[in-house]
Amino acid sequence: MLLQVQDVTMRFGGLTAVDRVTFAAAAGQITALIGPNGAGKTTLFNCITGFYRPSGGAILLHPPGAETGAAPVALHRLAGHRIARAGVARTFQNIRLFPGMTALENLLVAQHNALMATTGWGIGAVLGLSRYPAAERAAVEKAKQWLQATQLLDRADDPAGALPYGAQRRLEIARAMCTSPDGPALLCLDEPAAGLNPRESEELAKLLLQIRAGGTSILLIEHDMGVVMRISDRVVVLDHGQRIADGPPAEVRADPRVIAAYLGEEEVE
């Protein structure tokens, strides 16, 4: 088990956006979080990644490779930047790249903490110590590897804001994958297929399967049911802030509660 969400509640004044939601995301799997608009998906994502502090409940991360019996990381108690250091990376529903920087520079910025730590938080760079050039070369190499994986190597020197929309989506995922030296333990994606055409959605699905095969688990919010059902190992469904279904894609797709939530229920006269 990688991520445990236990009875998480998020209130905004008198509005309960997430109501005692519990689910788990297994290591080495793609877990999809779906539901109608307003179901509380992004709010829950924001709780997991530290943008919100939940009103109640617990969010626990069990890092891969941790010693047996080691205490999990209580994400609900950490600031957002510490959650990122714990191995959780995310993208956003609206693209948040640095548009004036090149594609390569966007991926180097994501490695800032690791690069600075290697060089004594900048002292090595100022003094021209030998460790800095080596660390910089390693950061560039890592960035190039993810540009290659996202089919953007030939656009490395182009401003991110000049890339086509689908390419910007892939670049944002590549940036998230560069935030940890060995890649994040959990990659959280908020509607990564939004606005993509069928060919781009297919490329995205292949990229996410490649990321999973590389050892990073994925939690995603997505409205494209074709992508969800094709790549997910498990699907969690929210409606009005509550979990209404949780299981394998085929099982969830046939659940009457899920069908009702998406299509509505006939009124009985």
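## Salt bridges in the model

A salt bridge is a side-chain nitrogen of Lys or Arg within 4 Å of a carboxyl oxygen of Asp or Glu. Eleven salt bridges are found when the whole structure is searched.

The model is predicted, so local features need pLDDT of at least 70 and side-chain atom pairs count only at pLDDT 80 or more, while totals for chains, interfaces and linings use all residues. Residues are numbered from 1 along each chain as its sequence is written, and side-chain values use heavy atoms, with hydrogens and water left out.

## Strands S9 and S10

Asp-246 and Arg-234 pair through a salt bridge with an N to O distance of 2.8 Å. This pair links distant parts of the chain: Asp-246 lies in strand S10 (residues 242-247) and Arg-234 in strand S9 (residues 234-239), twelve residues apart. Strands (E, at least two residues) and helices (H or I, at least four) are DSSP runs, numbered from the N terminus.

Asp-246 also forms a salt bridge with Arg-243, at 3.7 Å from N to O. Relative accessibility is 22% for Asp-246, 30% for Arg-234 and 42% for Arg-243. Each value counts as partly exposed, the class between buried (under 20% relative accessible area) and exposed (over 50%), with a 1.4 Å probe and protein chains only.

## Helices H7 and H8

The closest N and O atoms of the salt bridge between Glu-203 and Arg-170 are 3.6 Å apart. Glu-203 belongs to helix H8 (residues 198-213) and Arg-170 to helix H7 (residues 165-177), so the pair links distant parts of the chain, 33 residues apart. Arg-170 is buried, at 13% relative accessible area.
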